[in-house]
Amino acid sequence: MINEPNPADEIEAANCGHDDLLVAYLDGELDPQQTVDVERKLADDVVLRRRLHELQASWDVLDCLPQTLTAETFTKSTIELVTREATRELQRTRRHKQSTWLRRGALAVLAIGAAWGGFQTVRTFQTASQRQLARDLRVIENMDLYRSIDSLEFLKQLEQAGLFVSEESDSE
């Protein structure tokens, strides 16, 4: 079965293409040449004239509706509200940026501190044997002399006689 075109659909399709032009015509927004062109089309096209009258009737109904006037305080309070909200959003953004920088700074300080602490720990363990060796250096240097001593008792007698010098007096 072949679908025959519906005349109402054709009129509706034609109207949709011209509504913007007709509205601009009613509002007086067309230049003189466009106005002349629309008036020629209206003179020749009954459907277009009918649509113009429908749009004009809609405009007339809109003019009958009560107009509400807004007080100046409404406009002022709305602007203040928008300004206040924009200021809050700006402050939130600034706080977020500041907290981000603070977190990054804290992480950097922690990373540097951890690296320094790790370095010191490794250094301490690596040099511990060297420090012990330095403390024992006198003993090591005189090891041949100590081997010739037969008893600990003999060393104690030498110490009591004042023949050994203490480390504190060497550093002075």
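**Rings and a helix**

Tutor: Let's begin with arginine 104, which lies over the face of tryptophan 101, at 5.4 Å from the ring centre. A charge counts as over a ring if NZ of Lys or CZ of Arg is within 6 Å of the ring centre and within 35 degrees of the ring normal. This is a predicted model, where local features need pLDDT of at least 70, side-chain atom pairs need pLDDT 80 or more, and totals for chains, interfaces and linings use all residues. Residues are numbered from 1 along each chain as its sequence is written, and side-chain values use heavy atoms, without hydrogens and water.

Student: Is the ring pair of tryptophan 116 and phenylalanine 119 stacked, edge-to-face or tilted?
Tutor: Rings of Phe, Tyr and Trp (its six-membered ring) pair if their centres lie within 6.5 Å; planes under 30 degrees apart are stacked, over 60 edge-to-face, and the rest tilted. The count comes to one aromatic pair. Its rings, tryptophan 116 and phenylalanine 119, have centres 5.7 Å apart and planes at 35°, so the pair is tilted.

Student: Is tryptophan 116 buried or exposed?
Tutor: Buried means under 20% relative accessible area, exposed over 50%, and partly exposed in between (1.4 Å probe, protein chains only). Phenylalanine 119, at 45%, is partly exposed. Tryptophan 116 has 54%, so this residue is exposed.

Student: Where does α4 bend?
Tutor: The bend at a residue is the angle between axes fitted to the seven residues ending there and the seven starting there. For α4 the angle is about 40°, and the place is threonine 127.

Notes
Helices (H or I, at least four residues) and strands (E, at least two) are DSSP runs, numbered from the N terminus.
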